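Hi everyone, thanks for making time today. I'd like to walk you through a few spots in a model I've been looking at, so let's bring it up on the screen.

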2 protein chains.
Amino acid sequence: MAGQDSALAAARPSRAAEPARGEEVSLGPLAGLVGFNLRLAQDASFRAFARHAGQKGLKPGRFAAMMVIHHNPGITQAALGRAIARDKSTVTPLIQELLRRGLVDRQPSRADRRSVTLKLTGAGEAMLADLLQHAEEHDRKLDALV
Amino acid sequence: MAGQDSALAAARPSRAAEPARGEEVSLGPLAGLVGFNLRLAQDASFRAFARHAGQKGLKPGRFAAMMVIHHNPGITQAALGRAIARDKSTVTPLIQELLRRGLVDRQPSRADRRSVTLKLTGAGEAMLADLLQHAEEHDRKLDALV
DNA sequence: CAAAACAAGTTTGATCGCAAACCGTTTGCG
DNA sequence: CGCAAACGGTTTGCGATCAAACTTGTTTTG
């Protein structure tokens with residue numbers, strides 16, 4: 001999932017995973033490897049959810065980041081990165097975008113002058129609530145397949 | 001699993017998913033979303049296998065591509081792309097690298113002058129056999145977790 | 001307590017992947 | 001038959017992500 005990536009994110013029509021008409025391609029042992037199927041599943045999940053999130057202009061990882069911030073107000077960027085499995089250098093621009101869009105609020109930490117604390121703004125909470133509905137709906141479908 | 005990605009690929013120590021010392025971060029509903037967990041699992045799987053594949057200098061996706069070519073000699077690039085869920089424009093450089101390394105052989109298709117046919121070379125088969133051992137071992141561990 | 005090790009956040013560089021544009025070929029249909 | 005639409009492969013542009021280097025601040029340790 002790396003390549004794009006996050007389980008829940010941006011909009012993309014997808015040109016890669018297209019079913020392909022009556023095509024017979026043997027995957028051999030690949031068909032049974034958990035890692036390989038994980039990749040396909042993750043990719044499919046990503047693309048499906050992306051349709052909804054994308055309508056709100058949300059890019060990969062934004063949804064997951066907002067979820068974590070919502071449930072952990074005051075969390076730092078580093079901790080957020082660990083929670084969503086993203087490098088801290090990836091979190092920096094991600095947060096900057098959410099700040100620019102007025103979805104999160106950033107305050108210097110009183111306890112540790114190196115770090116900052118994050119929380120969602122009212123607008124952020126509102127958008128998250130809206131997205132969560134779609135996410136759960138999407139997830140129920142996905143869960144049914146597993 | 002975009003960003004890099006592919007379930008089975010290149011070498012990387014990983015700085016993102018580090019466990020984090022006694023840290024309590026609530027994932028909220030995120031913890032139950034299939035898509036989110038799929039992402040984490042795929043990422044972990046990718047990194048774990050990467051250690052082995054990376055030793056052979058294999059980049060993301062190469063292993064999966066070689067597996068499919070092995071089991072489908074004469075397959076075209078487009079069909080390969082569909083099998084491993086990669087865009088055709090991603091397959092082009094991937095195949096060029098395998099060609100350069102002498103792992104695959106490429107011949108113009110006799111049936112369709114637009115396409116090419118792919119098959120592994122002796123060296124390609126040898127490397128694949130070697131990697132497959134590690135992949136299956138890795139997969140058994142992964143499967144045990146699921 | 002001072003030095004060394006470590007952590008938070010940013011910047012910069014490299015890589016992988018998709019998407020769109022493009023060319024040549026093939027196929028489908030009127 | 002003839003032409004439009006679809007397809008195979010390549011090229012180019014862009015976005016997401018990680019890694020390493022750096023700065024500032026904190027913790028550990030001798």
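This is a predicted model: local features need pLDDT of at least 70, side-chain atom pairs count only at pLDDT 80 or more; totals for chains, interfaces and linings use all residues.

Let's begin with helix α2 of chain A, residues 62–71. Nine of its 10 residues are buried, so the helix is largely enclosed by the rest of the structure. Among those buried residues are F63(A), M66(A), V68(A), I69(A) and H70(A).

Take L80(A): beyond its neighbours within four places in sequence, L80(A) touches A65(A), V68(A), I69(A), I75(A), V91(A) and L118(A).

Which residue has a positive phi although it is not a glycine? That's A85(A), with phi of about 60°. A85(A) sits in the loop between α3 and α4 of chain A, and it counts as buried because it has 22 C-beta neighbours inside 10 Å. In chain B, A85(B) has a positive phi near 60°, and A85(B) is buried, with 22 other C-beta atoms within 10 Å.

Last stop, chain B again. L103(B) lies in the loop between α4 and β2, and L103(B) counts as buried, with 23 C-beta neighbours inside 10 Å. Its contacts include M66(B), L120(B) and M127(B). M66(B) is 37 residues away along the chain, with a C-alpha separation of 8.5 Å from L103(B).

That's my tour; happy to chat.

Technical notes. Residues are numbered from 1 along each chain as its sequence is written. Chains are lettered from A and ligands numbered from 1 in the order in which they are written. Helices (H or I, at least four residues) and strands (E, at least two) are DSSP runs, numbered from the N terminus. A residue is buried if 20 or more other C-beta atoms lie within 10 Å of its own, exposed if 12 or fewer, and partly exposed in between; C-beta atoms are placed from the backbone. Two residues are in contact if their C-beta atoms, placed from the backbone, lie within 7 Å.
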